[in-house]
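The sequence and the structure come first, and the notes follow by topic.

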Amino acid sequence: MKTMMNEIFSSDLMTNYINEKNFDPWVGTPFEGYRHMTPKAKGNYGEVFVEQWFTKNGSKVEPPVNVGHDRRVDDHKVEIKISLAKTYTNKKHINDDHFMMNHVSQNKDWDRLVFVGVNKNKKSYMKWMSKQSFREIIDKGLYFYHQQGGQSIGNDDWMCSDKKLIELLNSEYMKSMDEW
């Protein structure tokens, strides 16, 4: 039995499967290897990027006061989300403007949410919205939908992706970084 298992695991079919899933279309860019990081590491990467961006633009950046936000920027509690354009492994292709923003909660302690959407072949996004705007969006049933069980289990985790996220980024709810 062990010999048969080893034979199958060593087959071209199985090794090619692993190689295909490890495809990284970001090779040769500053994001090489990002695709294979854990979700937590990706989130931390986004937090460091946003902290650096604000610092270089003269803002005061401080650590969070609790787990309800990622940083304090100019005395605003800031939740930070980053997404690289989605990779379609089977097509070995990046689909620009296809992002995901998830785990956004009304009940967490944040004032402003910053979203960074990174495209490979076109201009990337960095915009923000207030918590008041987020609550208005949720109340109106726009852009976001419940995540992981949703309303039926009282979950306050919301997500937005792909076309709806691009619509949100281009809506009156999202502000340019010049309007910080």
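Asp75 is exposed, because its relative accessible area of 60% is over the 50% cut-off. The model in which this residue sits is a predicted one.

**Backbone angles**

- Most residues other than glycine have a negative phi.
- Asp75 is not a glycine, yet its phi is positive, at about 70°.
- Asp75 is placed in the loop that runs between strand E2 (71-73) and strand E3 (76-84).
- Tyr143 is another residue other than glycine with a positive phi, in this case near 65°.
- The loop that holds Tyr143 lies between helix H4 (131-140) and strand E9 (145-146).
- Tyr143 has a relative accessible area of 16%, which is under 20%, so Tyr143 counts as buried.
- Asp75 is thus exposed, whereas Tyr143 is buried.

**The whole protein**

- The protein contains five helices and 11 strands.
- Along the principal axes, the C-alpha atoms fill a box of roughly 60 × 40 × 30 Å.
- The protein has 180 residues, and 41% of them are buried.
- Its accessible surface amounts to about 10,700 Å², and carbon and sulfur atoms account for 52% of that surface.
- Of the contacts between residues at least 6 apart in sequence, 53% join residues at least 24 apart.
- The protein carries 26 positive and 25 negative charges, and the mean positions of these two sets are 1 Å apart.

**A nonpolar patch on the surface**

- Six named residues make up a nonpolar patch on the surface: Met4, Met5, Ile8, Phe9, Leu13 and Met14. Together they have about 640 Å² of accessible area.
- Helix H1 (2-9) and helix H2 (12-21) are the elements that each give two or more residues to this patch.
- H1 supplies the largest share of the patch, with four residues.
- Met4, one of the patch residues, lies in helix H1.
- Met4 has a relative accessible area of 57%, which is over 50%, so Met4 counts as exposed.

**Salt bridges**

- Side chains of opposite charge can pair when their charged atoms come close.
- The structure has 10 salt bridges.
- One of them joins the side chains of Arg71 and Glu47, with an N to O distance of 3.2 Å. This pair links distant parts of the chain, since Arg71 is in strand E2 and Glu47 is in helix H3, 24 residues apart.
- Lys60 pairs with Glu62 in a salt bridge whose closest N and O atoms are 3.8 Å apart.
- Lys60 is partly exposed at 46% relative accessibility, while Glu62 is buried at 19%.
- Glu136 and Lys140 form a salt bridge through their side chains, with an N to O distance of 3.1 Å.
- Glu136 is partly exposed, with a relative accessible area of 32%, and Lys140 is exposed, with one of 52%.

**A buried loop residue**

- Ser59 lies in the loop between helix H3 (39-56) and strand E1 (61-62).
- Ser59 has a relative accessible area of 16%, under the 20% limit, and therefore counts as buried.
- Leaving aside residues up to four places away in sequence, Ser59 touches Phe54, Val73 and Asp74.
- The C-alpha atoms of Ser59 and Thr87 are separated by 33 Å, and these two residues are 28 residues apart along the chain.

Conventions. Residues numbered from 1 in each chain as written. Predicted model: local features only at pLDDT ≥ 70, side-chain atom pairs only at ≥ 80, totals over all residues. Heavy atoms only, no water. Patch = residues over 30% accessible without salt bridge, like charges linked within 9 Å, V, L, I, M, F, W, Y side chains within 5 Å. Areas by Shrake-Rupley, 256 points an atom, 1.4 Å probe, with all protein chains shown as cover. Salt bridge = Lys/Arg side-chain N within 4 Å of Asp/Glu carboxyl O. Buried < 20%, exposed > 50% of the residue type's maximum accessible area, 1.4 Å probe, protein only. Contact = heavy atoms within 4.5 Å. Lys, Arg positive; Asp, Glu negative; His and termini not counted. Charge placed at Lys NZ, Arg CZ, Asp CG, Glu CD.
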